[in-house]
Structures are given as C-alpha cells and as structure tokens.
Amino acid sequence: MFDVRRLRLLRDLSLYGTVTATAEALHLSGPAVSQQLATLEKEAGLPLLEKQGRTLRLTSAGRLLVEHTEVILGGLSAAEADLRALRGGRRGVVRVAAFPTAARALLPTVWRALAPDAETGAPELHIVEHEPGPAADALRRRDADLAVVHAYSLLPRTLPPGCEQHHLLDDPVLLALHPETAARLRIEPGRKADLACLADENWLLPGPETSCHELTQRACGAAGFVPRATAMASDFSVLSALVGAAAGVALVPRMALPADTSGISLHPLARPVTRTVSVLNRTGDAGQPQLGLVLDALRLVASKEAEAAEASKEAEAAEAAEGSTVPGA
C-alpha cells in the first residue's frame, strides 16, 4: 500500500522540478526527499522519475501516479471538510490569490462582507495579487486556498490538475478610444467597432508578461494586422489614462476600467471577445466551511458586478442612440 506522504512528495516534486527546490519548500533535507522517492519507486515497481538536464521529469508511470494522487488528496481534503463541518468550525484563514482587476473590483467587497467576527466565526482573508498562471501554481503548491483567475475567449486556459473551477462572471472586452479619435474614424459613440479600421493607430498594450498582452496581439491579428505599440503597462488604469490623453487606443475589459470614463469613448467589438472570471480550489476543498463562505461571497459579489455592468451597458446604449451626432461609418 502506498504511503500518502510519499505520494504527496512525488506530486510536489512535479511542481518544483528538483529535489533541492522540493526539499526547501517542504523544509526537508535533499537526501530525505531522495530516500522517500526511491522507496516510492520500489513500492510502484516502475521508474517514476528520469533526469532531464538539472531537473527531474516524471515518467509515464510517474505522471499516472500523480494523477491518482491528486484524486486521493482531494478525497482527503473532502473528508477533512466534512469533519470540520460536523464540528461546526467556520473560523480560520483563507488565502486568496487573485489577478489585479479582481483584487480591486471584487475582493474589497468580499472582505467587508466577511470581516472577522467572533459571533459569526467568519474566516479571515489573506490576499495576494497574482496573474492567473502564478495564482493557479500557488493553489497547487498549497500557498493559496483559492485562486481567482481569468481566461479570454481567444486565449483559453486548461483546468490545472487536481483543481475545481467555479464560474463567476463574463467580462466583455471593449475598445477604448479618445473621443476625437473615434470621431476621426467615424465610429459612433457606443457603437460596435471593427478592429481592422484601427490598423494604423498607435496601440497601448498590457505588459508582455500578461495574458492580456497576448489577447491584444491575437485580436489584432484576427483583424489582419500587428498592433504598433507606443506604450506598455500592466495596469489598465495607466492604459485608460493614456487613452484619455489621446496617446493611442487600447483593449480593456469592462471590469478593469476606471470609475471615471468621461474622457474615453468605449465600444464593443464587432468580433466580441470575453474575459471569463472564475475561482479555483483544490479538488475536495470546496466543502470546507470557511472556503464555502468565501466562495459564496465571491459568487454574490460577482453577480452584483455583472448586474451593474449590464445596467451600465444598457444606459450607454440608450445614451448613444439618443444623443449621437457623429456620422456613421
């Protein structure tokens, strides 16, 4: 019979890549890690690891065993959650890794709703800002309990092994222009825009380390051109401010827009692009009472955010239909 601790060690090695990194992360010695993995290989009766340069790579047998390990660990987490629920334990710390927009637009409201209270036993939140990839990695390393992530319709993400996904909201990506630029291009306020007509414009791009950068590249590529970048910034509020200064044009998810967009002309895309926002947890962990409370709060806040966005969209459409004086394309 396999030892769960050794199985967990193999799973952790698949994340960290080397014995040294795994040992440091788990506060163990390198020889201790190597010895436990060697014992696991004897129990399996097959090689589980092979060297690849300075790292270790899982063999096909190792990958199979890690897949089963994810299921086993998920079942153990579910069992712990059920026992905790029976004990009535709700208080605790929930660590949330979230991409910047969600950290700004969703988590403050969740924080207020779940402020630690001795009477209700609400969990205490610890929040760290991460792009979706690192957030998912932190979840699998158990450095986080929940990961709020996103995926674009033009840039889908696979669900990480050993994780469950809960949909929060769909966030439309908009074209942001200076009003004078929109008038010059004969794009009516609030109307759909074809990116092909912006091939010669200066573009303001998210930082190359983000998936949002790749999204802009793909959207423009689908329209038949490579965007000419005149500025890059990982903060959408910076890009929005530059749009307001007529420095260029940008693609911005609605939820990432600043509160004041009076100096920006916003347009849905003729070929719609959506950013889907989700929250991930490790398989089986959703049943833990404190995680369940945070998940419920995230769903409620996201639902209200989506309703507010839809109301704003309808108001913008009505205003555009009533007050537009810019000639159509």
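Residues are numbered from 1 along each chain as its sequence is written, and side-chain values use heavy atoms, with hydrogens and water left out. Because the model is predicted, local features need pLDDT of at least 70 and side-chain atom pairs count only at pLDDT 80 or more, while totals for chains, interfaces and linings use all residues.

Helix α2 spans residues 19-26. Helices here are DSSP runs (H or I, at least four residues) and strands are DSSP runs (E, at least two), numbered from the N terminus. Val19, Thr22 and Ala23 of α2 are buried. They cover an arc of only 100 degrees around the axis, so they sit on the same side of α2. The arc is that of the directions from the helix axis to the C-beta atoms. Buried means under 20% relative accessible area, exposed over 50%, and partly exposed in between (1.4 Å probe, protein chains only). An α-helix has 3.6 residues a turn, so residues three or four places apart point the same way. Thr20 and Glu24 are exposed on the other side of α2. The cover over the buried residues of α2 includes α1 (4-16), α3 (30-44) and β2 (55-58); contact means heavy atoms within 4.5 Å. Just after α2, His27 has a positive phi of about 60 degrees.

The structure holds 15 salt bridges. A salt bridge is a side-chain nitrogen of Lys or Arg within 4 Å of a carboxyl oxygen of Asp or Glu. One of them joins Asp143 and Arg141 (2.9 Å, N to O). Asp143 is partly exposed at 42% relative accessibility, and Arg141 is partly exposed at 30%. Another joins Asp145 and Arg282 (3.5 Å, N to O). This pair links distant parts of the chain, 137 residues apart: Asp145 is in the loop between α7 (132-140) and β5 (146-152), and Arg282 is in strand β11 (residues 274-282). Both Asp145 and Arg282 are buried. Glu201 and Arg184 also meet in a salt bridge (2.9 Å, N to O). Glu201 lies in the loop between α8 (179-184) and β7 (202-205) and Arg184 in helix α8, so the pair ties together parts 17 residues apart in sequence. Arg11, Asp12, Glu70 and Arg140 are linked in a network of salt bridges.

The search of the whole structure finds zero disulfides. A disulfide is a pair of cysteine sulfur atoms within 2.5 Å. Cys212 is buried at 7% relative accessibility, and Cys220 is buried at 0%.

Val4, Ile72 and Leu76 form a nonpolar patch on the surface, with about 200 Å² of accessible area together. Patches are made of residues with over 30% relative accessible area and no salt bridge: like charges are joined within 9 Å, nonpolar side chains (Val, Leu, Ile, Met, Phe, Trp, Tyr) within 5 Å. Accessible areas come from the Shrake-Rupley method with a 1.4 Å probe; for residues, only the protein chains shown count as cover.
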